[in-house]
Amino acid sequence: ETNTIAVPGVKLGDIVMNISLGVDVSGISITPYVSAADTVSIRFQNETVTTIDLASTTVKCVVVRTV
């Protein structure tokens, strides 16, 4: 599943270094990237055979501006 979050000021070419979620994400591969101006997309891949409920949580990300 891929979700997006608004991150004002990010632009294509910027690097999303890491993200933090307020829930347990063991068993999940997470790939964050800038998908458009002011938008970070986060791809979640469940690597287990069970259903994982991420529920509603706060997402924090670190974005680096490239020069």
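Me: Which strands each supply at least two residues of the nonpolar patch?

Reply: A patch is built from residues with over 30% relative accessible area and no salt bridge; like charges are joined within 9 Å, nonpolar side chains (Val, Leu, Ile, Met, Phe, Trp, Tyr) within 5 Å. Accessible areas follow Shrake-Rupley with a 1.4 Å probe, and for residues only the protein chains shown count as cover. Here β2 (15-21) and β5 (59-64) each supply at least two. The patch consists of I15, M17, V62 and V64, about 340 Å² in area. M17 sits in β2.

Me: What should I know about the model and its numbering?

Reply: The model is predicted: local features need pLDDT of at least 70, side-chain atom pairs count only at pLDDT 80 or more, and totals for chains, interfaces and linings use all residues. Residues are numbered from 1 along each chain as its sequence is written, and side-chain values use heavy atoms, with hydrogens and water left out.

Me: How many helices and strands does the protein chain have?

Reply: Both are DSSP runs, numbered from the N terminus: helices are H or I, at least four residues, and strands are E, at least two. This chain has zero helices and five strands.

Me: Which strands pair with β4?

Reply: Pairing requires at least two DSSP bridges between two strands. β4 (residues 39-46) runs antiparallel to β1 (residues 2-6), with five bridges. β4 also runs antiparallel to β3 (residues 28-36), with eight bridges. Look at I42 in β4. N3 has I42 as its bridge partner, and so does P32. β3 and β4 form a hairpin with two residues between them, and D38 in that turn has a positive phi of about 65°.

Me: What lines the largest pocket?

Reply: Rolling a probe the size of a water molecule over the atoms shows where empty space is left. A pocket is an open set of points on a 1 Å grid over the protein atoms alone, where a 1.4 Å probe fits, with protein on both sides within 12 Å along at least five of seven lines; lining residues have an atom within 4 Å of a point. Here 16 residues line the largest pocket, and E1, N3, I28, F44 and L54 lie nearest its centre. β1 and β4 are the elements giving two or more residues to the lining. β4 gives the largest share, four residues.

Me: Which residues form a salt bridge?

Reply: Side chains of opposite charge can pair when their charged atoms come close. The rule asks for a side-chain nitrogen of Lys or Arg within 4 Å of a carboxyl oxygen of Asp or Glu. R65 and D14 form one, with the closest N and O atoms 3.0 Å apart. R65 is in the segment after β5, D14 in the loop between β1 and β2, 51 residues apart.
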